[in-house]
Amino acid sequence: MANLILIIGAGVAGLCAAEMLTDAGMECVILEATDQVGGRVRALEGFADFPIELGAEEIHGPVNAVQTLAKSFGSKIETLQHFSTNDMLRLDGELRFLDQAAKDSDVARAFGLIDRLGFYNGENWTVQEYLIRSHFPRRTWHYLDSRLGVEHGTTLDRLAIRGFTNYERGWEARETNYTLRGRYLELFEPLIARLNDRIRRKTIVKAIDWQRSPAVRLADGERIEARAVIVTASVAALRAGIVDFDPVLPAEKANALQSIGMDTGMKILLKFRIRFWDENMYFLHADGLLPQFWAPGKGKSPDAAVLTAFIGGSKAETLARIGIDPVEFAVKELDEIFGSGIATRSFENGFVADWGAETFVRGLYSYPTTDTLPEHRVALAKSLDGKVFFAGEATDTGGSSGTVHGAMESGKRAAREIRQSI
């Protein structure tokens, strides 16, 4: 066991770390707390005539590790490109496609703000504080909450406007977003099959002892010693203390966990008997509590009458606090948007993926708060004395946090660090 590498979490970061270590001839075992592999990459089968993503759904950008992996499958895996011209905005109670809405000066101003975010160098306010201070027209705030807030797993009152200066250039362009015709997890299934005998499912890690040779203690009392440990748990899960560290985490790492944002949130799937929205619509930027809907079957199932609603941050907390069924609430919001109670009349089925309620995830993905500095992600990614290493999208320091390709790169980075230290 002296040369064993333990990886906590069979999400994308853990799988990519295990692949690199295995290719280098090193012995590794992945400890997964649940019976599922893939982490926040998960699809729902049988709800419609195509699989619907409950977690990661889009590939952000035309050139990254996910795109490279998808292309390696050739024609077996097809990517679908989506364009902002297929997005709709509810403005002043009316639905408009974005190319029509762009003729409105307030909407054009919102477009401009998004385009310039990566170059903002003013005070580090939340986006909402910036909008208030700059007297930004309130009639387009909901569009920004959809494009900036919930797209980053939170709301404008928590998202830092300076947080995007370290992001990949071009992240804000909707034309660089893609989905897969099949399931996202298909990209990783060959790797999962290859590593299957190295994955211990339903294996909960309770503590990591890193004072001497690192060792983990499992929920059933078993203790496993290792040469090194890679932790891929989310910011929210680590912040909640699902794993005890002995000695406790250094102050800089504990401070990083508190400074990087990660909020609760959910996807609400809605199936209808008829499609009552424009057949060309992909995204709908709404003006209610639910900031965003989209048609997940676009490009996949021409007859699908399914919408996904997405909510995070303080709005998700409000929805949970008022105690209303999320599916019922979402249907009523669509009644308000499309009128005549049409969503209620044609509603057929619903499903909620509540990521805040997932014990070993506890939220959506990381985002920059006004307390988040670039050095916080560096500190989070830093190893503990070359014994315990950290991976996961929140540890990405190259501007790809909150993405699947960021998680992939972080797992590879942690594996490289272990190889170099050994």
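The model is predicted. Lysine 267 sits in strand S17, residues 265-272, while threonine 126 lies in the loop between helix H4 and helix H5. Helix H1 packs against helix H14.

**Lysine 267**
- With a relative accessible area of 5%, lysine 267 is buried, because buried means under 20%.
- The side chain of lysine 267 comes to 3.3 Å from the backbone oxygen of glutamate 53.
- A polar atom of the lysine 267 side chain is also 2.7 Å from the backbone oxygen of glycine 55.
- Not counting residues up to four places away in sequence, lysine 267 touches a set of residues including Glu53, Leu54, Gly55 and Glu57, as well as Trp294, Phe310 and Phe351.

**Threonine 126**
- The helices on either side of the threonine 126 loop are H4 (105-116) and H5 (127-133).
- Threonine 126 has 9% relative accessibility and counts as buried.
- Leaving aside neighbours within four places in sequence, threonine 126 contacts Leu156, Asp157, Arg158, Leu159, Ala160, Ile161 and Thr370.

**Helices H1 and H14**
- H1 (residues 12-23) and H14 (residues 404-421) have axes 7 Å apart and pack at an angle of about 40 degrees.
- H1 is therefore oblique to H14.
- The crossing of H1 past H14 is right-handed.
- H1 contributes Val12, Ala13, Cys16, Ala17, Met20 and Leu21 to the contact, and the H14 side includes Val404, Ala407, Met408, Lys412, Arg416 and Arg419.
- By class, the H1 and H14 contact holds 11 nonpolar, two polar and three charged residues.

How values were computed: Residues are numbered from 1 along each chain as its sequence is written. This is a predicted model: local features need pLDDT of at least 70, side-chain atom pairs count only at pLDDT 80 or more; totals for chains, interfaces and linings use all residues. Side-chain values use heavy atoms; hydrogens and water are left out. Helices (H or I, at least four residues) and strands (E, at least two) are DSSP runs, numbered from the N terminus. Buried means under 20% relative accessible area, exposed over 50%, partly exposed in between (1.4 Å probe, protein chains only). A polar contact is a pair of N or O atoms within 3.5 Å; within protein, one must be able to donate a hydrogen and the other to accept it, and residues adjacent in sequence count only if both atoms are side-chain atoms. Contact means heavy atoms within 4.5 Å. Axes are lines fitted to C-alpha atoms, for helices over the stretch in contact, and angles run from 0 to 180 degrees between N-to-C directions. Angles under 35 degrees count as roughly parallel, over 145 as roughly antiparallel, 65 to 115 as roughly perpendicular and the rest as oblique. A crossing is left-handed if the near helix is turned anticlockwise from the far one by less than a right angle, and right-handed if clockwise. Ala, Val, Leu, Ile, Met, Phe, Trp, Tyr, Cys and Pro count as nonpolar, Asp, Glu, Lys and Arg as charged, and the others, Gly among them, as polar.
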